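Open the model in your viewer and keep the selection tool at hand. The stops below go from a helix pair to a single side chain and then to charged pairs.

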Amino acid sequence: MTKYVVAIDQGTTSTRAIVFDHAGSIVSVGQMEHEQIFPQAGWVEHNPLEIWANTREVIGIALGKANITRHDVAAVGITNQRETTVVWDRHTGEPVYNAIVWQDVRTQPIVDRFAAEGGVDRFHETVGLPLNPYFSGTKVVWILENVPGARERAEAGDLLFGNTDCWVTWNLTGGVNGGVHITDVTNASRTLFMDLRTLDWDQEILDIFKVPRSMLPAIKSSSEVYGKAASDSLLRETPIAGILGDQQAATFGQAAFGAGEAKNTYGTGCFLIFNTGTEIVMSKNGLLTTLAYKLGDAAPVYALEGSIAVTGSLIQWLRDNIGLVASAPEIEELAKTVEDNGGAYIVPAFSGLFAPYWRTDARGVVTGLTRYVNKGHLARAALEATAYQTRDVLDAVNADSGVPLTELKVDGGMVANNLLMQFQADILGVPVVRPVVAETTALGAAYAAGLAVGFWSNLDDLRANWAEDKRWTPAMPVTDKDRLYRSWKKAVTKSLAWVDDDVA
């Protein structure tokens with residue numbers, strides 16, 4: 001009997017393969033980082049061929065560490081950085097351009113063009129999203145309009161498009177030799193092209209964007225057998241049976257299956273998802289309406305999402321660009337050298353502000369500086385920026401849902417930072433809860449795949465696996481919390497309206 005499920009987690013900074021057992025525990029991990037490419041200000045790219053090569057390698061690493069073979073693996077689940085756009089030739093498997101990453105803002109002129117008729121909410125009632133460079137749709141348009149020959153090749157049916165889930169799945173199932181060109185509803189809901197009600201591509205929107213339907217993958221549920229790993233893979237003949245965009249996967253891994261349940265993932269960015277059940281709730285407060293998951297033939301489950309572009313990547317920037325710390329974990333120790341932020345605030349609007357502001361004209365600022373401020377205060381301000389941005393989003397969730405959250409489940413790399421988690425509880429005024437298995441993104445993909453092949457029987461099996469590791473409860477006086485947050489809101493105003501026509 002097979003004993004394990006393998007999750008492939010194709011993230012923004014690295015690709016991982018993680019082997020899980022039936023209890024949802026991690027058996028082994030293979031991980032490789034890939035290059036972050038910044039051709040110019042506001043542009044962020046990845047090399048799709050590097051991502052695929054790394055995927056193959058981390059699978060081998062994870063299987064080797066676990067001392068298992070494909071015969072021990074029941075299924076493979078895939079989770080991915082959403083919105084990051086790959087366009088490639090179906091005949092050669094060669095990308096026509098680097099992957100354009102979700103953080104990239106080069107398509108703002110395309111957004112402005114489409115928003116000229118109907119505004120940024122032109123397609124909101126259909127797709128649940130505003131027109132914004134964040135989403136895949138305008139990135140595809142940019143490639144078709146700027147890569148020589150791409151438009152003609154796409155219209156001839158030679159090019160394929162997908163987020164990185166689609167790219168990995170196509171290659172894993174054979175690539176040019178019969179690779180399966182599919183995506184799941186959660187990834188499709190991040191393109192600007194999928195109708196939330198029909199769960200199909202909207203032809204009218206495709207016509208407006210001038211994107212040939214032949215480029216687009218078939219939309220599948222989040223949990224079903226899509227195909228099998230190709231004969232040249234270490235996982236050959238293993239079913240590929242689950243796909244969830246990374247934030248939906250984390251929600252699934254947190255066992256937040258019911259309406260009213262929520263989680264917040266602290267990674268490169270920060271993403272809060274609030275499950276609305278089978279009801280489509282259109283936000284009036286700057287949130288996104290998206291798919292949470294769809295299990296086989298069951299009804300789709302929807303969610304509200306607050307997407308924050310820069311949280312963990314702010315720490316990475318302080319490490320790599322500024323040299324404030326030598327490694328990311330050092331930020332907590334540096335922040336502990338001071339009692340508070342010393343009046344300093346960092347608004348990390350490196351590529352504008354996402355939810356709930358949606359201001360592409362914003363840029364990062366450090367404000368409130370005095371001679372008193374030292375590097376410890378800046379380290380603390382960087383961590384606090386994550387908590388403040390989460391408060392912005394949670395306030396919007398509470399306003400949209402009308403049911404205030406009573407606790408927040410958290411996951412992702414930054415939840416190991418105890419100072420941040422305590423401050424998060426303080427600034428929200430609700431408990432923050434970390435599970436035993438913090439790698440909930442990969443776990444969610446494993447769960448989706450395992451359900452499809454009967455490795456787990458039902459959602460109750462998955463709920464039984466969830467266990468609390470640590471809980472932080474609010475300890476800050478309300479007057480202090482309100483004062484700090486008031487100053488944060490003031491700092492945000494300093495970041496707005498920075499970009500002019502002649503300033504990138």
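What follows is a list of selections, with a note on what each one shows.

This is a predicted model, in which local features need pLDDT of at least 70 and side-chain atom pairs count only at pLDDT 80 or more, while totals for chains, interfaces and linings use all residues. Residues are numbered from 1 along each chain as its sequence is written, and side-chain values use heavy atoms, with hydrogens and water left out.

**Helix pair**

Select helix α1 (residues 48–66) and helix α6 (residues 164–172), whose axes come within 10 Å and cross at roughly 60°. Helices here are DSSP runs of H or I with at least four residues, and strands are runs of E with at least two, numbered from the N terminus. Axes are lines fitted to C-alpha atoms, for helices over the stretch in contact, with angles from 0 to 180 degrees between N-to-C directions. The angle makes α1 oblique to α6; oblique is what remains after under 35 degrees (roughly parallel), over 145 (roughly antiparallel) and 65 to 115 (roughly perpendicular).

Now show side chains. On α1, Pro-48, Leu-49, Trp-52, Thr-55 and Ile-59 make the contact, and on α6 Trp-167, Val-168, Asn-171 and Leu-172 do. Contact means heavy atoms within 4.5 Å.

Next, select Asp-104, in the loop between β7 (99–100) and α2 (108–115). Is Asp-104 buried or exposed? At 1% relative accessibility, Asp-104 counts as buried; buried means under 20% relative accessible area, exposed over 50%, and partly exposed in between (1.4 Å probe, protein chains only). Beyond its neighbours within four places in sequence, Asp-104 is in contact with Gly-42, Trp-43, Val-44, Pro-133 and Lys-139.

**Salt bridges**

A salt bridge is a side-chain nitrogen of Lys or Arg within 4 Å of a carboxyl oxygen of Asp or Glu. By this rule there are 25 salt bridges.

Select Arg-213 and Asp-200, which form a salt bridge with closest N and O atoms 3.1 Å apart. Arg-213 is in the loop between α8 (203–209) and β12 (218–220), and Asp-200 is in strand β11 (residues 200–201), 13 residues apart.

Move to Arg-434 and Asp-469, a salt bridge with closest N and O atoms 3.0 Å apart. Arg-434 is buried at 14% relative accessibility, whereas Asp-469 is partly exposed at 42%.
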